[in-house]
Amino acid sequence: HHHHHHHHHHQHFAVIYRTMSTIQTTENNNESEPPKKKMKISHPRTFELTPVEKEMFEDLRAVAISCGSIIRVAGGWVRDKIMGRQSEDIDIAIDNMMGKEFAENVNKYMKDHQKKQAKVGVIKLNPDQSKHLETACMHLFGLSIDFVNLRSESYSEDSRIPSTMGMGTAEEDAYRRDLTINALFYNINDESVEDFTGKGLEDIKEKLIRTPLPPFTTFIDDPLRVLRSIRFASRYNFKLDIELIKAAQDPRVTTALREKIAKERIGKEFNGMISDPSPGKALDYLRQLNLWDILFATPIRFDHHHSSILGAIKLVYKYNTYTSDVFVKLSKDQYRISTLALIMMIYYEQQYPNPKKKTQLIRFPYFIICESLKLPNKDADDVNTILSGKIILEDLIQSGDFSRVAIGKALKAIGPLWVISYNILVVVSISSEKYQGLSELSFLRGIILKENLAGDKPVWDMKTILNGGEVPKIVGKTEPGPWMASIMSQIFEWQLANPEKGKEECKLWLSANKDQLLS
């Protein structure tokens, strides 16, 4: 469903691309260069600035003029403002000095003008980055601002590492960014939007994800950009450019993504995908571009059926769009962990020996989440709780025992994540058209609400009414042993069955029935 006319664009842009990437600086423009197609770079601002942005930009402009600088907001903020979205992250690129130096000048200006509302920023440098692309971060007017110098890089032939890195022109900086829509600048000095690639504004209009340079060049420079392209296509519901799709599947790019990119960076991108309101689209792109097994690498070979991936993606789509009384409303983070759990359903049954302790078997999701994606251990634990909870609820429904005791025990075993296990069952029932299952789930939830088992005093927080000090006296056993845990869980069941009864009644019951309870 890609329109054909995009394809022709590529033909005549190819020439410009190449000339752009070879020109190191715009001044020494060799006469032998083919003439560049004149394109309009500067556009009037079409969006409104918030009062805070307005005031901040006026101050920053004053600082820029005193430093002889041209300063520009770069990247995401510009894209979001043009798309009519609010944006908090402001990155400012400076043309003639390092970010830290400019940030210090901003502080001096704030002091000299006794600006109370913008307290002097603490300038933090990002330690992960090499000296020449130092980012200075400070808080101004309640917003977090990053200052950085414009960059130009020339890459040594076979490497991803820039061989020389210097102050760049805005044009060079734009071309070395990931996507055209992220390569727009807002020039604070003259209040214009600058589109140096000549494609950023058009691509926002056309809803197209494209790279400033030929996609292979952009991707081989940093293969993580393949995942960023997918994340933005999914988030904004933009199409992926046809050439970009080809380059993303180039074995040189996929190999680099698998072998050269830190898993943490991949996990962070993936986390961004599943945190968006409709992650199904991103997952479907991962499948179509054959990136699924790079992200969800398994500890030992596992040939999942292609249909199981399709099935998981369909469930994710359903889960994130489903609205019905049967379905429990969730928070943003609960949707994120739900999506992760739905994907991991493919792998939940599979196990592998723990490398540290051969006799112990570990489920695949632990490996995929903690090792392949380097997401927090808590995510792996939560997914395990959700998927084992799904089985607990299935068994409960299978048993047909909807007593307060049976439901209470199940919920205590799962804990607060039961809502996600439950929602997954709802979506699975709908997808497989098991409407019988749906009415049973709905019935179950009705009881949970009516009995207030998961409300303000949920069963998983419920303490046993008698403690470990009181029980031995009543049953007349002094030596500790496994009997204790068994009695405690029976007391818990008694409480579930007798919500209106108190401590004394429990003691009477325990002492009257101790022999059969101990057996």
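Helices (H or I, at least four residues) and strands (E, at least two) are DSSP runs, numbered from the N terminus. The structure is a predicted model, in which local features need pLDDT of at least 70, side-chain atom pairs count only at pLDDT 80 or more, and totals for chains, interfaces and linings use all residues. Residues are numbered from 1 along each chain as its sequence is written, and side-chain values use heavy atoms, with hydrogens and water left out.

Start with the loop between strand 5 (136-140) and strand 6 (143-149), where F141 lies. F141 is not a glycine, yet its phi is positive, about 50 degrees. Its relative accessibility is 12%, and buried means under 20% relative accessible area, exposed over 50%, partly exposed in between (1.4 Å probe, protein chains only). F141 therefore counts as buried.

K207 also has a positive phi, of about 55 degrees, and is not a glycine. This residue sits in the loop between helix 6 (200-206) and strand 11 (208-209). K207 is partly exposed, because its relative accessible area is 44%.

Helix 2 (residues 51-67) has 17 residues. From its first C-alpha to its last it reaches 25 Å, close to the expected 24 Å; the expected span is 1.5 Å times one less than the number of residues. Among the buried residues of helix 2 are F57, L60, R61 and C67. G68 follows helix 2 and has a positive phi, near 65 degrees.

Last come the cysteines. A disulfide is a covalent bond between the sulfur atoms of two cysteines. Here a disulfide is counted for a pair of cysteine sulfur atoms within 2.5 Å, and the count is zero. C137 is buried at 15% relative accessibility, and C370 is buried at 13%.
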